[in-house]
Amino acid sequence: MKKVHVFNAGPCLLPQVAIDAAVEALKDFKGTGVSLISISHRTKEWESVMDECRANWKELLNIPDDYETLFLGGGASLQFLCAAMNFLEKKGAYLETGVWAKKAYKEAKGIGNAVVVASSADRNYCYIPKDYEIPADADYFHITTNNTIYGTELHGDIDSPVPLIADMSSDILSRRIDISKYALIYGGAQKNAGPAGVAFAIVRKDALGKVSRYIPTMLDYRTHIDKGSMFNTPPVFSIFVMNETLKWLKAMGGVDAMHAIDVKKAETLYAEIDRNPFFVGTADKEDRSIMNVCFVMAPGKEDLQDEFLAFAKERGMVGIKGHRSVGGFRASLYNACTQEDVEALVAAMQEFENLKK
Ligand SMILES: *Cc1c(COP(=O)(O)O)cnc(C)c1O
């Protein structure tokens with residue numbers, strides 16, 4: 001296969017061992033002679049995968065016993081609505097840090113009273129708002145910890161006087177989190193935890209059951225807690241590959257070890273962006289994401305954008321075109337992306353500089 005460096009924003013690059021295990025299981029799932037995508041989810045062979053995935057997830061993220069982990073269909077986008085359905089009684093409060101945060105807010109607004117506490121829309125979401133007060137009468141405060149499109153990230157767990165809900169689609173498993181600070185954490189797996197098709201929700205059990213509305217069965221977290229994420233047919237293929245990805249992450253030393261690797265990758269690329277006169281970063285330095293690195297051509301050099309894209313592509317770079325709402329470039333440095341991949345991109349940027357200066 002052609003040597004490429006994959007910086008896709010999602011679905012993401014996954015470790016080769018997980019892909020190899022998936023290929024094998026597609027042919028023969030655990031020696032049953034049946035393909036992974038044809039087995040019954042009511043077999044003990046499948047249930048062992050489900051249990052293992054939950055256990056690996058719990059271990060990697062240090063999830064306390066009063067929380068449940070769910071593996072669900074519908075992506076993070078359905079979780080926008082689920083979160084509001086299960087937590088919104090009088091008022092939901094939102095931190096608007098980008099398109100995904102806005103979409104989460106829209107779903108809450110659709111079923112009740114929701115407010116935006118602070119927004120960084122004034123500068124196209126290139127920073128995380130800091131001066132705001134979380135309303136004490138809100139049922140919850142909703143944050144997006146990593147803003148995939150803009151390359152901004154909240155670098156630690158915040159304190160909230162009301163239950164905290166976080167969309168962690170694109171930075172889960174990249175740093176240690178204090179789960180006990182959150183009532184609910186959710187996300188789509190396809191940014192850093194596995195393939196598309198499965199979403200995760202980590203929910204504190206005693207935070208549920210506090211709203212008076214009827215919650216449709218499939219949107220009610222309690223339905224899925226009661227049935228161990230198997231109320232209906234789970235996305236077996238996605239969960240299988242996610243579990244293989246978690247096994248790989250454990251072998252790599254877990255979340256703390258991965259965090260050090262992720263920080264080094266991001267520092268390497270940001271250092272080049274800051275040094276190279278042809279490029280500039282788009283996010284405020286203090287809020288820069290370690291997962292999604294966004295940059296553009298330096299002022300006056302904008303017309304070189306397509307040329308650099310083609311130049312980088314020739315050298316094996318895949319997926320570095322920025323999101324249309326920011327433009328320029330975005331390199332997503334999810335866990336399976338290596339220091340070597342980042343160094344190949346840096347080398348391409350340096351070569352381009354030498355060619356053009
Ligand atoms: C990609 C993304 C989503 C949407 O995820 P889907 O699983 O495609 O619905 C939501 N939030 C964030 C932060 C994302 O990066």
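Trainee: In which strand is Glu96 found?
Mentor: This is a predicted model. The strand that holds Glu96 covers residues 92-96. That element is strand β3.

Trainee: Glu96 is buried. Which side chain of opposite charge is nearest, and how far away is it?
Mentor: A salt bridge needs a side-chain nitrogen of Lys or Arg within 4 Å of a carboxyl oxygen. Glu96 has no salt bridge. The nearest side chain of opposite charge is Lys102, at 5.3 Å.

Trainee: Which side chain does a polar contact join to that of Glu96?
Mentor: The cut-off for such a pair of N or O atoms is 3.5 Å. Here the distance is 2.7 Å. The partner of Glu96 is Tyr125.

Trainee: Leaving aside neighbours within four places in sequence, which residues are in contact with Glu96?
Mentor: Contact means heavy atoms within 4.5 Å. Tyr125 is on the list, and so is Lys102.

Trainee: Now the whole chain. How many helices and strands does the protein chain have, and what is its radius of gyration?
Mentor: The secondary structure comes to 9 helices and 14 strands. The globule rule gives 21 Å for 357 residues, and the chain is close to that, so it is as compact as a globular protein of that length. Its radius of gyration is 21 Å.

Trainee: What share of the residues is buried?
Mentor: Buried means under 20% relative accessible area. The count runs over the 357 residues of the protein chain. The buried share is 55%.

Terms used. Residues numbered from 1 in each chain as written. Predicted model: local features only at pLDDT ≥ 70, side-chain atom pairs only at ≥ 80, totals over all residues. Heavy atoms only, no water. Helix = DSSP H or I, 4+ residues; strand = E, 2+ residues; numbered from the N terminus. Buried < 20%, exposed > 50% of the residue type's maximum accessible area, 1.4 Å probe, protein only. Lys, Arg positive; Asp, Glu negative; His and termini not counted. Polar contact = N/O pair within 3.5 Å; in protein donor to acceptor, adjacent residues only side chain to side chain. Rg over C-alpha atoms; globule rule 2.2 N^0.38 Å.
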